[in-house]
Every structure is written in C-alpha cells, then in structure tokens.
Amino acid sequence: MAYTSFVAVGDSFTEGLNDPPIDVTGAAPGQADRFRGWADRAAEHLGRLQPGFRYANLAIRGKLLDQIVAEQVPLAVEMKPDLISFCAGGNDLLRPGSDPDLMAKKLAAAVRDLRSTGADVLLFTGVDPRDTPIMRRARGKFATFYLHIRSIADLYGCRLVDQWSMQGLRDWRAWSDDRLHMNEHGHRMVAAKVLDVLGVPSEDTWRTAWPPREDVDPRAKRREDALWVREHLVPWIGRRLTGRSSGDGLAAKRPDLAPLDSAGS
C-alpha cells in the first residue's frame, strides 16, 4: 500500500529522544533542539515514495497511557490518516502499582477507536528490559503488557513492530547516555523495522550485528555508572517523587497533519 498520510502517537520513544535532527540551520524558534527519531525517519522514507505525503507527530516525552489516550488519540482519529502508530505504556510500567492487565484494556479501547477510522495501525512491543537499569526489576510486568499488545494487534488486525526480537537493540551502542532512550543508531534500526513491517523496501536493516567490543576496565565502568546515577537516575527519581514530567509544558513537534516539507517540519 502507498501511504499518503501518517500520524504518530506516543511518548518520548515516538517523539524521538535522543536522535538529533539532520540540520538545525535556520530552524524555527524552539525547534533547534528538536529530536528526529524513528517516526520522522520512517515518514521521510514514505514521503520520498508518495508525492504530497502528509505527516503529524503528536508524541510528547513523559506522557502516561491515560494522557496519550485522552489527548492524542482523539486528534489522530479526527485527522483520519492512512497510517497511525501508537506506542504507550512504558512510563506507566516504571511506576509502582501499575497494572499491565488494566493498561491493556485501555490500550485496546484506544486501538478500536483508531482502527474505526480505516487506518492501518502500528503497535509496538518494547525491548527486553533484562539488561536495562531500573526497568529490569519490572521485567515481568513489561512482558505481560507486551503479550497483551501482541493479542490486541491480532484481534484488531494491526501491524506489530516487535522490538523484543531485535537483538541489535540489546547492545548499549544503540542507546544514549541516559540508558533509557535510543540514540541515532537505535532509532535508525527501529525505522528500518517499521518499514519492513509495512512491506516498504529500505536501504537500512534492523538486523544489526555489532562488532565485538573491547574489554572495559572495571574502574572505568564504575565511574560511568556513578556518573549515570548522578546525571540521569537521581533527576528521574526526583521527577517521580514530585509528580513532575520531562514533558511538562512541551507541545507536540508536528501537531498538524501537513506536507512533510511544510514549515515547522
């Protein structure tokens, strides 16, 4: 299918943290530090195949599932694109007391609304968190939620991007310094996987085989871990304890379904 329009819905993963833009020269005010990400990369590729292709990215970092369902899903339904990506729940699962079964019911209802527009819907499992600080303690909850997502994709005829099977994403070279968000290499792999799931040929591959890494001095590793705790873990815990979000006060980077090369794209 030749897609003519695409709306991306979600949190920091879909917003594109921490994949920098290609060129910030002449960027509009507030856009110079905008991230690119897998969704922009996939949209750029789809746009090269379809003249007049339109794209919106409603994702905002730090958003919880309920917020995404309430604030972004209705906008995506109203826009009526050919293709909608929907990835949410990761921030919820990191919070104590989150219930993956209840979350799945809310996600299923939102997927039903999105599919009712006639759009193809992309759903995502996440990466196996067993190697990830913080997240590995909640591995059982993540796995349960991702199994629900697979079932929902099957039930509603959605396309599934299974990141759990992407072994290349289990290498730290695909991740940024905060160890929670992918870097350019990770986002490029996800974009390639998305295009593969859509049946769209791409010059990139998601089956990345990393070259062997040199042994790391244990003392250097301890220094890296201490730096990560100070610069990333402590601020993250502080936001959770005070009810703040990294996305507070931020707006979507592409709030309108507009041609890919339009102003603000």
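Me: Which residues of H6 are buried?

Reply: In H6, Pro100, Met103, Ala104, Leu107, Ala108, Ala110, Val111 and Leu114 are buried. Buried means under 20% relative accessible area, exposed over 50%, and partly exposed in between, using a 1.4 Å probe and protein chains only. One caution: this is a predicted model, where local features need pLDDT of at least 70, side-chain atom pairs count only at pLDDT 80 or more, and totals for chains, interfaces and linings use all residues. Residues are numbered from 1 along each chain as its sequence is written, and side-chain values use heavy atoms, with hydrogens and water left out.

Me: And what do the buried residues of H6 pack against?

Reply: They pack against helix H3 (65-71), helix H4 (73-79), strand S3 (83-87), helix H5 (90-93), strand S4 (120-125) and helix H7 (139-156). Contact here means heavy atoms within 4.5 Å. The helix and strand names are DSSP runs numbered from the N terminus: helices are H or I with at least four residues, strands are E with at least two.

Me: What span does H6 reach?

Reply: H6 covers residues 100-115, so 16 residues, and reaches 22 Å from its first C-alpha to its last. That is close to the 22 Å expected at 1.5 Å a residue. The expected span is 1.5 Å times one less than the number of residues.

Me: What happens at the start of H6?

Reply: A side-chain oxygen of aspartate 99 comes to within 2.9 Å of the backbone nitrogen of aspartate 101. For a polar contact, two N or O atoms must be within 3.5 Å; within protein, one must be able to donate a hydrogen and the other to accept it, and residues adjacent in sequence count only if both atoms are side-chain atoms.

Me: Zooming out. How many residues has the largest nonpolar core?

Reply: It has 33 residues, and Val9, Phe86 and Leu123 have the most contacts inside it. Strand S1 (5-10), H3, H4, S3, H6, S4 and H7 each supply at least two residues of this core. H6 gives the most, with seven residues. A nonpolar core is a set of buried Ala, Val, Leu, Ile, Met, Phe, Trp, Tyr and Cys residues joined through side-chain atoms within 4.5 Å.

Me: What does phenylalanine 86 touch?

Reply: Leaving out residues up to four places away in sequence, phenylalanine 86 touches a list that includes Val9, Leu65, Ile68, Leu107, Val111 and Leu123. Apart from that core lies another core, of 31 residues, with Tyr3, Phe13, Tyr55 and Val127 among them.

Me: Now H7. Which of its residues are buried?

Reply: Phe142, Phe145, Tyr146, Ile149, Ile152 and Ala153 are buried in H7. They cover an arc of only 115° around the axis, so they sit on the same side of H7. The arc is that of the directions from the helix axis to the C-beta atoms.

Me: Which residues are exposed on the other side of H7?

Reply: Leu147, Asp154 and Leu155 are exposed there. The cover over the buried residues of H7 includes H5, H6, S4 and strand S5 (159-162). After H7 comes glycine 157, with a positive phi near 70°.

Me: Different spot. Is serine 5 buried or exposed?

Reply: Serine 5 is buried, at a relative accessible area of 1%. Serine 5 is in strand S1. A polar atom of the serine 5 side chain lies 2.9 Å from the backbone nitrogen of aspartate 82.

Me: Which residues does a cis peptide bond join?

Reply: Leucine 17 and asparagine 18, with omega about -5°. Asparagine 18 is in the loop between helix H1 (12-15) and helix H2 (37-49).

Me: What about the phi of lysine 80?

Reply: Lysine 80 has a positive phi of about 50°, although it is not a glycine. Most residues other than glycine have a negative phi, and most peptide bonds are trans. Lysine 80 is in the loop between H4 and S3. At 56% relative accessibility, lysine 80 is exposed.

Me: Last one. How many helices and strands are in the chain?

Reply: Nine helices and six strands. Of the 265 residues in the chain, 47% are buried.
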